[in-house]
Amino acid sequence: MKHLIILGAGTAGTMAANKLRPLLQRSEWDITIVDQTTEHHYQPGYLFIPFGMYTADDVVKESRSLLADGINFVNSEIERVDPDQQVVHLANGDDPKYDYLLIATGTHPRPDQTPGLDGPEYGRSIHDFYTLEGATRLHKALESFTGGRLAVNVVEMPIKCPVAPLEFTFLADSYFKKRGIRDKVDMVYVTPLPGAFTKPVAAKSLGGMLDERDIGIEPDFMLERVDTDEQVLVSYDERKVPYDLLVTVPINMGADFVARSGLGDELNHVPVDKHTFLSKKYDTIFALGDAAALPTSKAGSVAHFAVDVFTENFVNYVHGRPMERSFDGHANCFIESGDGKAMLIDFNYVTQPLEGMYPLPGIGPFPLLHESRRNHWAKLAFRWTYWHMLLPGHHLPVPNAMSMAGKHEEDS
Ligand SMILES: Cc1cc2nc3c(=O)[nH]c(=O)nc-3n(C[C@H](O)[C@H](O)[C@H](O)COP(=O)(O)OP(=O)(O)OC[C@H]3O[C@@H](n4cnc5c(N)ncnc54)[C@H](O)[C@@H]3O)c2cc1C
């Protein structure tokens with residue numbers, strides 16, 4: 001019997017397990033997936049919780065219920081991997097051996113990495129929406145917020161879903177308008193990037209949307225510390241941004257066991273071949289989803305587009321055949337822009353997000369880099385697609401590789 005161990009039963013791990021089970025003979029292959037929690041969270045739904053649009057019930061399901069028959073689920077924290085012995089050391093005392101290992105333990109907010117952030121003010125004047133607890137607390141904080149300075153701060157890149165902080169900012173603008181207090185709220189978006197986003201065409205468009213909404217931007221802001229007495233963000237070049245309410249996206253890091261196992265970079269993400277996800281150090285280890293250090297966005301869509309390439313290649317690889325499929329870094333994301341509208345971006349390793357129309361037979365096309373109600377409804381409908389199509393590993397009519405169909409060329 002051969003053993004495949006998948007670490008992490010989040011988006012990437014669950015999809016990979018469900019897709020691989022029918023492809024690997026049960027008489028020959030045992031598939032085990034390990035997670036520290038028994039709950040699977042639909043993290044894109046966290047965005048809507050601060051505004052009372054979703055509650056915890058909308059974003060949580062039991063992890064086991066999402067796994068196909070024939071997949072073993074182990075509920076334990078992972079302590080360490082011994083890549084030479086091909087053993088995983090679990091906090092529950094078990095030390096399972098593997099023939100192949102897939103690391104899919106994601107990336108997670110680490111407020112403890114920034115001085116001043118993770119103190120007694122966390123949950124009072126400082127909030128996040130990158131965790132279920134954080135988003136739920138922020139809902140209460142926003143309800144009782146009657147005016148003042150709201151700063152939304154991205155501490156450092158890369159973060160998962162790099163557009164989510166902008167979406168939060170646009171939704172907050174819309175939320176304060178609905179409550180009739182927008183004129184009492186001074187909003188500022190504080191980012192380490194030179195503009196609103198990384199890629200030039202999208203950065204211009206998203207930056208323009210901040211301007212239109214009278215939201216200030218503080219670019220190139222490398223946060224050194226948060227002074228919670230003075231309520232200011234302080235950068236390494238001594239700039240200060242005051243706040244009454246701080247919504248932070250802390251540094252995102254891969255799991256600590258990745259570092260303990262000698263498998264990670266400085267942020268505990270696993271260096272892999274960007275086309276096949278094979279570890280750069282070990283030929284029995286792959287990493288998928290946010291856990292992998294890839295030069296594309298950390299996003300559920302990337303995990304989704306990557307998983308088909310990975311599973312097909314994996315089956316060939318373990319049978320000694322070449323990995324013929326090559327991942328192109330395809331990512332796409334609906335960006336909520338407030339007032340019941342959203343934009344869409346679609347890009348890969350080499351092509352930045354461009355304007356145009358994203359074709360999708362039946363329900364599309366969807367405007368790229370332009371706000372529309374159709375995009376917003378598609379974003380909300382995606383939750384159903386996630387639970388019922390994506391995680392079980394069903395086929396979606398969306399190509400894995402990015403297509404130029406409908407896109408305007410870069411100089412347009
Ligand atoms: C607010 C927000 C909005 C987002 N919006 C979008 C969006 O609109 N579109 C989009 O494509 N993506 C979005 N994302 C990103 C998306 O949710 C992630 O990219 C996706 O979940 C990554 O999947 P993953 O399997 O790599 O990691 P995860 O889904 O995070 O799963 C990792 C799993 O590993 C487990 N784990 C970690 N460490 C250990 C350990 N030591 N021991 C045991 N288990 C461990 C965790 O418990 C977890 O279950 C959003 C994320 C957030 C936070």
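Start by colouring the chain by pLDDT: this is a predicted model, with a mean pLDDT of 96 and 99% of residues at 70 or more.

Next, go to the second largest pocket, at about 270 Å³. Select Pro 158, Ile 159, Leu 294, Thr 296 and Ser 297, which lie nearest its centre among the 17 lining residues. Now colour domain 1 (2-106 + 255-318) and domain 2 (111-251): both give residues to the lining, so the pocket lies between them.

Time to look for cavities. The structure holds three of 30 Å³ or more. For the largest, about 70 Å³, select Cys 161, Pro 162, Val 163, Phe 197, Ser 297, Ala 299, Ala 331, Asn 332, Cys 333, Ile 345 and Phe 347. Strand 22 (331-338) and strand 23 (341-347) are the elements that each give two or more residues here, with strand 22 supplying the largest share, three residues. Domain 2 (111-251) and domain 3 (331-390) each contribute at least three residues. What classes of residue line the largest cavity? Nine are nonpolar, two are polar and none is charged.

Last stop: the second largest cavity, with about 50 Å³ of space. Select Gly 289, Asp 290, Ala 292, Leu 294, Thr 296, Ser 297, Lys 298, Ala 299 and Val 302 to see its lining. Here you'll find four nonpolar, three polar and two charged residues.

Note on methods: Residues numbered from 1 in each chain as written. Predicted model: local features only at pLDDT ≥ 70, side-chain atom pairs only at ≥ 80, totals over all residues. Heavy atoms only, no water. 1 Å grid on protein atoms, 1.4 Å probe; cavity = no way out; pocket = protein on both sides within 12 Å on 5 of 7 lines; lining within 4 Å. Points joined across faces, edges and corners; volume = space filled by probe spheres on them. Domains from an automatic or database assignment. pLDDT = per-residue confidence, 0-100. Helix = DSSP H or I, 4+ residues; strand = E, 2+ residues; numbered from the N terminus. Nonpolar A, V, L, I, M, F, W, Y, C, P; charged D, E, K, R; others polar.
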